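Please walk me through this structure in plain terms.

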Amino acid sequence: MRLSHLLYLFCFLSHFAHADITYRNGHCFIEDGQIYLSQAYDITLAEEPVNALKSGIVFYFVFDITLDEDDSWFATSHQLQRERILRYDHISRQFIVEDPVTLIQQGFINVDAALEVLGNIEHMAIANTNLLNAEAKPVLNSQLRLNLDKLPVSLRLSTLLDQDWTLKSESWTCQPSA
């Protein structure tokens with residue numbers, strides 16, 4: 001009788017274990033007239049998305065970054081998106097993280113190691129300070145999300161209602177310092 005209760009409890013609790021993206025740490029700074037961003041996120045995938053990866057579905061994660069110039073009179077906002085791709089290679093049996101900007105590909109034997117690298121950006125150039133208003137006090141807002149629009153159409157409908165697929169971090173704000 002106790003075993004059946006434990007099994008029921010395990011099934012009940014596993015239903016609430018879901019995927020998530022959480023902010024770990026980060027900073028933004030100005031160096032040589034350039035605004036840079038470094039961030040780290042913890043990404044957790046549930047079993048269903050991992051199985052989708054292994055069956056050949058490609059995941060597109062997007063860093064949504066907004067640079068707000070506040071010069072006390074007007075506020076100008078600049079949008080930037082940086083994409084990272086996660087896929088599974090059946091031949092090498094590795095999870096591949098690709099950066100379409102730098103064209104760097106890295107292979108990992110397990111999904112957790114791939115997600116660790118995918119959730120980290122270091123010294124990403126955001127904007128040249130010469131292009132900003134001289135009196136502006138720039139503020140960066142950033143978040144990481146799984147782009148559901150790039151999933152196959154047949155999968156999108158089921159992902160809209162499933163927490164295991166709605167991966168999106170909280171927004172993070174930083175004012176660059178020299």
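A salt bridge is taken here as a side-chain nitrogen of Lys or Arg within 4 Å of a carboxyl oxygen of Asp or Glu. The model is a predicted one, and by this rule the count in it comes to seven salt bridges.

Begin with the open sheet of three strands, whose order is β1-β2-β7 and whose pairing is antiparallel. The edges are held by β1 (20-31) and β7 (120-128); each has a single partner strand, so one side of each is left without a neighbour in the sheet. On average, neighbouring strands of this sheet are turned by 20 degrees against each other, direction ignored. Between β1 and β2 (residues 34-44), which run antiparallel, there are eleven bridges. Helix α3 (residues 111-118) lies across β1, β2 and β7, and runs at about 25 degrees to β7.

D42 forms a salt bridge with R24, with 2.8 Å between the closest N and O atoms. This pair links distant parts of the chain, since D42 is in strand β2 and R24 in strand β1, 18 residues apart. R24 also meets the side chain of E116 in a salt bridge, at 3.2 Å from N to O. Here R24 lies in strand β1 and E116 in helix α3, so the pair ties together parts that are 92 residues apart in sequence. Taken together, R24, D42 and E116 are linked in a network of salt bridges.

How accessible are the members of this network? D42 is partly exposed because its relative accessibility is 30%. R24 has a relative accessible area of 34% and is therefore partly exposed. E116, at 38% relative accessibility, also counts as partly exposed.

Another salt bridge joins the side chains of R82 and D99, at 2.8 Å from N to O. It too links distant parts of the chain: R82 is in strand β4 and D99 in strand β5 (residues 94-99), 17 residues apart. Both R82 and D99 are buried.

Strand β4 (residues 75-89) also contains Y88. Is Y88 buried or exposed? Its relative accessibility is 17%, so Y88 counts as buried, the cut-off for that class being under 20%. Leaving aside neighbours within four places in sequence, Y88 is in contact with L53, K54, R93, Q94 and F95. The C-alpha atoms of Y88 and I57 are separated by 8.0 Å, although the two residues are 31 residues apart along the chain.

The last stop is on the surface. L157, L160 and L161 form a nonpolar patch there, with about 400 Å² of accessible area together. Of these, L160 is found in helix α4 (residues 153-160). L160 counts as exposed because its relative accessibility is 56%, and exposed means over 50%.

Key: Residues are numbered from 1 along each chain as its sequence is written. This is a predicted model: local features need pLDDT of at least 70, side-chain atom pairs count only at pLDDT 80 or more; totals for chains, interfaces and linings use all residues. Side-chain values use heavy atoms; hydrogens and water are left out. Two strands pair if DSSP finds at least two bridges between them. Helices (H or I, at least four residues) and strands (E, at least two) are DSSP runs, numbered from the N terminus. Axes are lines fitted to C-alpha atoms, for helices over the stretch in contact, and angles run from 0 to 180 degrees between N-to-C directions. Contact means heavy atoms within 4.5 Å. Patches are made of residues with over 30% relative accessible area and no salt bridge: like charges are joined within 9 Å, nonpolar side chains (Val, Leu, Ile, Met, Phe, Trp, Tyr) within 5 Å. Accessible areas come from the Shrake-Rupley method with a 1.4 Å probe; for residues, only the protein chains shown count as cover. Buried means under 20% relative accessible area, exposed over 50%, partly exposed in between (1.4 Å probe, protein chains only).
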